[in-house]
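Dear colleague,

I am handing over a structure that I would like you to look at before we next talk. Please open it first, and then read the notes below with it in view.

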Amino acid sequence: NVRRSRLYGAQHDYFDDANIVGWTLEGDAAHENSGTAVLITDNAGGSKKMYVGTSHKGEKWIDATGHQKGNAVIDDSGNGLFTVDGGSVSVWIKS
């Protein structure tokens, strides 16, 4: 269950677009593989570069909903490029 196992750590909100809202939780050391990135849209799909923490650098993340195929790779700065389909939600977690 993503809610019980991944939703820990500092939260970062991304309300910079009227149609695509995102937020991340960095995770913490007490909960193995914790951390998540969520995107929701009520219009066209798209992507956001969002921060999940430098502790995740080099990791590949997948969309737990199965809507998005492929991976988001976390860069050395702790950011990943996460995507969402139009009128949908995507919940990204470490693969």
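A residue is called buried when its relative accessible area is under 20%, exposed when that area is over 50%, and partly exposed in between, with a 1.4 Å probe and with protein chains only taken into account. At 3% relative accessibility, Gly-80 therefore counts as buried.

Before going further, please note that this is a predicted model, in which local features need pLDDT of at least 70 and side-chain atom pairs count only at pLDDT 80 or more, while totals for chains, interfaces and linings use all residues. Residues are numbered from 1 along each chain as its sequence is written, and side-chain values use heavy atoms, with hydrogens and water left out.

To stay with Gly-80 for a moment, this residue lies in strand β7, which covers residues 79-84; helices (H or I, at least four residues) and strands (E, at least two) are DSSP runs, numbered from the N terminus. Leaving aside residues up to four places away in sequence, Gly-80 touches Lys-48, Lys-49, Met-50, Val-73 and Ile-74, where a contact means heavy atoms within 4.5 Å. Gly-80 and Leu-39 are 41 residues apart along the chain, and their C-alpha atoms are separated by 12 Å.

Now to the chain as a whole. The protein chain has 1 helix and 8 strands, and along the sequence they follow the pattern α-β-β-β-β-β-β-β-β. The radius of gyration, taken over C-alpha atoms, is 12 Å, which agrees with the value near 12 Å that a compact globule of 95 residues would have; the globule rule is 2.2 Å times the number of residues to the power 0.38. Along its principal axes the C-alpha trace spans about 35 × 25 × 20 Å. Of the 95 residues, 38% count as buried, and among contacts between residues at least 6 apart in sequence, 54% join residues at least 24 apart.

How are the strands arranged in the open sheet? There are 6 strands in it, in the order β1-β2-β3-β8-β5-β6, and the pairing is antiparallel. The edge strands are β1 (11-14) and β6, each of which pairs on one side only; two strands are said to pair if DSSP finds at least two bridges between them.

Trp-61 stands opposite Ala-72 in β6, and in β8 the bridge partner of Trp-61 is Lys-94. In a regular strand the side chains alternate between the two faces of the sheet. In β5 the covered face holds Trp-61 and Asp-63, whereas the uncovered one holds Lys-60 and Ile-62.

One loop residue also deserves a look. Asn-33 is found in the loop between β2 and β3 (36-41), and at 34% relative accessibility it counts as partly exposed. Most residues other than glycine have a negative phi. Phi of Asn-33, however, is near 65°, a positive value in a residue other than glycine.
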